[in-house]
Amino acid sequence: MFSCNAADFLLASKDSMKSIARFIVYYSVALFLTSQIISGLKISGGLTTYLIGGITLSVLFLIVKPILSVVTLPLNIVTLGLFSFVINAIILYLLTIFVTSISITAFTFPGLAIAGFIVPKLYVNNFFAFIVVSALLSFIVGLLKWLTKK
């Protein structure tokens, strides 16, 4: 899922403030790229909104995700880890509550045809919009971390 967890933040705080700032930039850039790809993620405002969103996501992953992971551990075991998608969707929902200029709404995927594979037009409701945004956001953050690893 999201590629940053509490252990990463604790190690980052021991290393330097640069690492913490790096995570904030990762989430800010990932929010920007995700909003460009998925029409259901709407961010009104400018650079400050992306930075505030990145800071808020960093704090939510530092504080809320470990608590939710422990509380929902039995569900996560039964579903073989798939419930972590729901945990990340809850964190994104909290983000939309704390940062009111960020909203995630239902959207229609226009369809896709690549190399003979056809994905038809698909309507994504609010719940699955949070799931899709969280999956894409985690992919982008993981990619950014991979691209910038030392």
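Q: Where is alanine 115 placed?
A: Alanine 115 sits in the loop between β4 (112–114) and β5 (117–119). Strands here are DSSP runs of E with at least two residues, helices are runs of H or I with at least four, and both are numbered from the N terminus.

Q: What kind of model is this, and how are residues numbered?
A: The model is predicted, with local features needing pLDDT of at least 70 and side-chain atom pairs counting only at pLDDT 80 or more, while totals for chains, interfaces and linings use all residues. Numbering starts from 1 along each chain as its sequence is written, and side-chain values use heavy atoms, with hydrogens and water left out.

Q: Back to alanine 115: what's its phi near?
A: Near 50°, a positive value in a residue other than glycine. Most residues other than glycine have a negative phi.

Q: And is alanine 115 buried or exposed?
A: Alanine 115 is exposed, because its relative accessible area is 73%. The cut-offs are under 20% for buried, over 50% for exposed and partly exposed in between, with a 1.4 Å probe and protein chains only.

Q: Which loop holds leucine 80, and what's its phi?
A: Leucine 80 is in the loop between α4 (73–78) and α5. Its phi is near 55°, again a positive value in a residue that isn't glycine. With 79% relative accessible area, leucine 80 counts as exposed.

Q: Okay, zooming out. How many helices and strands does the chain have?
A: Six helices and six strands. From the N terminus the order is α-α-β-α-α-α-β-β-β-β-β-α.

Q: What share of the chain is buried?
A: Of the 150 residues, 37% are buried. On contacts (heavy atoms within 4.5 Å), residues 24 or more positions apart account for 66% of those with a separation of 6 or more.

Q: How do α2 and α3 pack?
A: Helix α2 (residues 17–37) and helix α3 (residues 47–71) pack at about 120°, and their axes are 8 Å apart. That makes the two oblique: under 35 degrees is roughly parallel, over 145 roughly antiparallel, 65 to 115 roughly perpendicular, and the rest oblique. The axes are lines fitted to C-alpha atoms, for helices over the stretch in contact, with angles from 0 to 180 degrees between N-to-C directions.

Q: Which residues in α2 and α3 meet there?
A: From α2, among them are Phe23, Tyr27, Leu31 and Ser35; from α3, the list includes Tyr50, Gly53, Leu57 and Phe61. By class, that contact has ten nonpolar, five polar and no charged residues. Ala, Val, Leu, Ile, Met, Phe, Trp, Tyr, Cys and Pro are nonpolar, Asp, Glu, Lys and Arg charged, and the others, Gly among them, polar.

Q: How many aromatic pairs does the structure hold?
A: Five. One of them is phenylalanine 23 with tyrosine 26, edge-to-face at 6.1 Å centre to centre and 80° between the planes. Rings of Phe, Tyr and Trp (its six-membered ring) pair if their centres lie within 6.5 Å; planes under 30 degrees apart are stacked, over 60 edge-to-face, and the rest tilted.

Q: Why are phenylalanine 23 and tyrosine 26 about one helical turn apart?
A: Because they are three residues apart in helix α2. Phenylalanine 23 is buried at 9% relative accessibility, and tyrosine 26 is buried at 8%.

Q: How do tyrosine 27 and phenylalanine 61 pair?
A: They're stacked, at 5.5 Å centre to centre with 5° between the planes. The pair links distant parts of the chain, with tyrosine 27 in α2 and phenylalanine 61 in α3, 34 residues apart. Tyrosine 27 is buried at 0% relative accessible area, and phenylalanine 61 is buried at 0% too.

Q: New topic: at what angle do α5 and α6 cross?
A: At roughly 100°, with the axes of α5 (residues 83–98) and α6 (residues 126–147) coming within 8 Å. The two are therefore roughly perpendicular. Their contact has eleven nonpolar, three polar and no charged residues. Among those that meet are Phe85, Leu92 and Tyr93 in α5 and Phe127, Ile131 and Leu137 in α6.

Q: Last one: how far apart are valine 29 and isoleucine 140?
A: In sequence, 111 residues; in space, 8.6 Å from C-alpha to C-alpha. Valine 29 belongs to helix α2 and is partly exposed at 33%. Arginine 22, also placed in α2, is 126 residues from threonine 148 in sequence and 9.6 Å away in space, C-alpha to C-alpha.
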